[in-house]
Amino acid sequence: MALHTTLHLHNTTDGNAEAYARWFDGAHAGALMHLRGFKSAERFEIDPVQMIPDQAQPWHYMSVYDFDLPTPAIDLPALGPLIADARDAGLIADDDTERLYTFRLYGDWKGSPNWQRDKPLSGVSILIGNYIAGRFDEYDTWYENVHSVEVANVPGHVAMKRGGLSDVQVEPRRYCPGDQLVMTAQQTDDLPFTIGDFVARALGHSPSGIAMEPRSSAGSLARTVHYFRKISGTEFWPGGIAYAGDLSVYPGKG
């Protein structure tokens, strides 16, 4: 068995956002239950707050499908026709932005003490990136042992999982700008604060006094970062900022 995550990045056609949501939670959810290895599916909407404000955010929505697949080459393509139902019904915009990317995960969520596991996530961010050729081992070690711990301990960040682009992709297959996925989970109702302290820790001037290690030169700067908020299901983050540390060191957060 192998953990895989498929990202469906897309826009809906004008006036059909609610129809797409009904399809996703209804007929689509029922059909997914018949797929071998299917674990879960959630929908997200692009957040107006982004870490890199001038970076293009071409998708308004993202669906995340998680699988534990016995035979990816056989099982994974079965997702394609199910998503095609929405495309054929005119619910997905034909604007050349739709993307389906599948990543084979290196492991499941790696959580920090911040994570309130009995509560849902408020959102997730995805980084689609690359490593410097010939330096994957260095890149992987830095992420696994250093950076994943740093990122998941930022107030409002609670967990991370990573993967590499799978050999098996769901059609229609389109160019992917990176072969590495970094997905970070959030539990926060103040994303500007969470992103702000992430940046402050990276630069070494967070009020917490915590500074991140220098970024590994094995990680390429050719990457895109996208923050999404959760919009599916019946349970949502109840509010506050998940943090196992002392929020009182931050002005106005004590």
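Is Phe136 buried, partly exposed or exposed? Select Phe136: the residue is partly exposed, with a relative accessible area of 24%. Buried means under 20% relative accessible area, exposed over 50%, and partly exposed in between (1.4 Å probe, protein chains only).

This is a predicted model, in which local features need pLDDT of at least 70 and side-chain atom pairs count only at pLDDT 80 or more, while totals for chains, interfaces and linings use all residues. Residues are numbered from 1 along each chain as its sequence is written, and side-chain values use heavy atoms, with hydrogens and water left out.

**Whole chain**

From the N terminus the order of elements is β-α-β-β-α-α-β-β-β-α-β-β-α-β. Along the principal axes, the C-alpha atoms fill a box of roughly 55 × 45 × 35 Å. Of the 254 residues, 51% are buried.

**Helix α3**

Next select residues 79–88, helix α3. Its buried residues are Leu79, Gly80, Leu82, Ile83, Ala84 and Ala86. The cover over them includes β1 (2–10), α1 (17–32), β3 (61–69), α2 (72–75) and β4 (99–105). Step just past α3 to Gly90, where phi is positive, about 75 degrees.

**Aromatic pairs**

Now display the rings of Phe, Tyr and Trp. The whole structure contains 11 aromatic pairs (ring centres within 6.5 Å, using the six-membered ring of Trp; planes under 30 degrees apart count as stacked, over 60 as edge-to-face and the rest as tilted). Tyr139 is buried, at 3% relative accessible area.

Then move to Phe193 and Tyr250, an edge-to-face pair with 5.0 Å from centre to centre and 90 degrees between the planes. This pair links distant parts of the chain: Phe193 is in helix α5 (residues 191–203) and Tyr250 in the segment after β9 (224–230), 57 residues apart. Phe193 counts as buried at 15% relative accessibility, and Tyr250 counts as buried at 3%.

How values were computed. Helices (H or I, at least four residues) and strands (E, at least two) are DSSP runs, numbered from the N terminus. Contact means heavy atoms within 4.5 Å.
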